[in-house]
Protein chains: 2
Amino acid sequence: MEIQLMCIGKTDRSIWSEAMAKYQYRLKHYIKFSVIYLPNIKISKKIDPIKVKTEEGKILLKNISSSDTVILLDESGKSLSSNAFSKEIENYMINGNNKIIFLIGGPYGFSNEIYNKFPKSIALSKMTFSHQMIRLFFCEQLYRAFTIINHHPYHNN
Amino acid sequence: MEIQLMCIGKTDRSIWSEAMAKYQYRLKHYIKFSVIYLPNIKISKKIDPIKVKTEEGKILLKNISSSDTVILLDESGKSLSSNAFSKEIENYMINGNNKIIFLIGGPYGFSNEIYNKFPKSIALSKMTFSHQMIRLFFCEQLYRAFTIINHHPYHNN
């Protein structure tokens, strides 16, 4: 199994990428994991948010194949505990999923096309966090999930 | 009004303290805000988690006065959207609260004494995050709350 975190726009500040790298490195022990940064749409003040979301949706779809399992990371999604999230990851592994893609939307969220095509979504929090921060959250939480699955003492420590 | 984030143990890695400093600096425009680090209990393998929580609870209580409003940051607490959280902060300001203290527990969580004394709790997420990370999350979310209250365009951008 392979897991990808797919997001719009680069992680530009070094503190975020440094912190993410730490978890990406640790995840290597457990799973093939990569972070895919797709180019963002240039946003001028006049641009319509719906148009931005639609264009971003098209870019996302170009990078997803029909055999991929896609889960949206979205505030409106299901709130899970870390243990429940690790159970979901374990189930994907048991069910023989080939590639799991977790999607993080652009500044205005996901387009209706994306919501309709991929009904499965998880909320890391009901709160809105910066795009840079949510990427880091996810990497830490995915690492935590694998430590739970593998009975590594990281969780609850 | 003054807001404190009170937690057990230092933020030791520079990437976390650097990221937190960024939000602490920005918060200065809006509110008197400080992060209080209390000494943690030395944990040996033999030590009882309940004893650790009780001792930490005593240290926390020594640093809280009866006029302070205390809110626990706890996974079992109420999940709020960023907008709802900003509304709570605004209400505290309107109601003339002098000092609001947000508490983050130690590695085993809060003692029963703390839960009983301070029934108000908020969950930044239902997931468990590292203690370093939850501090950073809180600072970002508090900054976001003040940008919402002050109609600054940070939120939803």
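Two residues are in contact if their C-beta atoms, placed from the backbone, lie within 7 Å. The model is predicted: local features need pLDDT of at least 70, side-chain atom pairs count only at pLDDT 80 or more, and totals for chains, interfaces and linings use all residues. Residues are numbered from 1 along each chain as its sequence is written, while chains are lettered from A and ligands numbered from 1 in the order in which they are written.

**Exercise 1.** Describe the side of chain A that touches chain B.

Step 1. The contact takes 23 residues from chain A and 23 residues from chain B.

Step 2. Helices H1 (14–27), H3 (82–94) and H5 (131–149) of chain A are the elements that give two or more residues to this side. Helices (H or I, at least four residues) and strands (E, at least two) are DSSP runs, numbered from the N terminus.

Step 3. H5(A) supplies the largest share, five residues.

Step 4. By class, this side of chain A has 10 nonpolar, nine polar and four charged residues. Ala, Val, Leu, Ile, Met, Phe, Trp, Tyr, Cys and Pro count as nonpolar, Asp, Glu, Lys and Arg as charged, and the others, Gly among them, as polar.

**Exercise 2.** Work out how chain A and chain B are related by a rotation.

Step 1. Chain A is superposed on chain B by a rotation of 180° with 0.0 Å of shift along its axis (RMSD 0.0 Å). The superposition is by least squares on the C-alpha atoms of residues with pLDDT of at least 70 in both copies.

Step 2. The two copies are thus related as by a two-fold rotation axis.

Step 3. The same surface serves both copies, since 100% of the contact residues of chain A recur in chain B.

Step 4. A:Ser125 comes closest to the rotation axis of the residues of chain A, at 2.3 Å (C-alpha).

**Exercise 3.** Give the strand order of the open sheet in chain B and find its edges.

Step 1. The five strands have the order S2-S1-S4-S3-S5, with parallel pairing. Two strands pair if DSSP finds at least two bridges between them.

Step 2. Strands S2 (32–38) and S5 (121–123) of chain B each have a single partner strand, so one side of each is left without a neighbour in the sheet.

Step 3. Inside the order, S3 (69–79) and S4 (99–104) of chain B pair in the parallel sense over five bridges. B:Val70 has B:Ile101 in S4(B) as its bridge partner.
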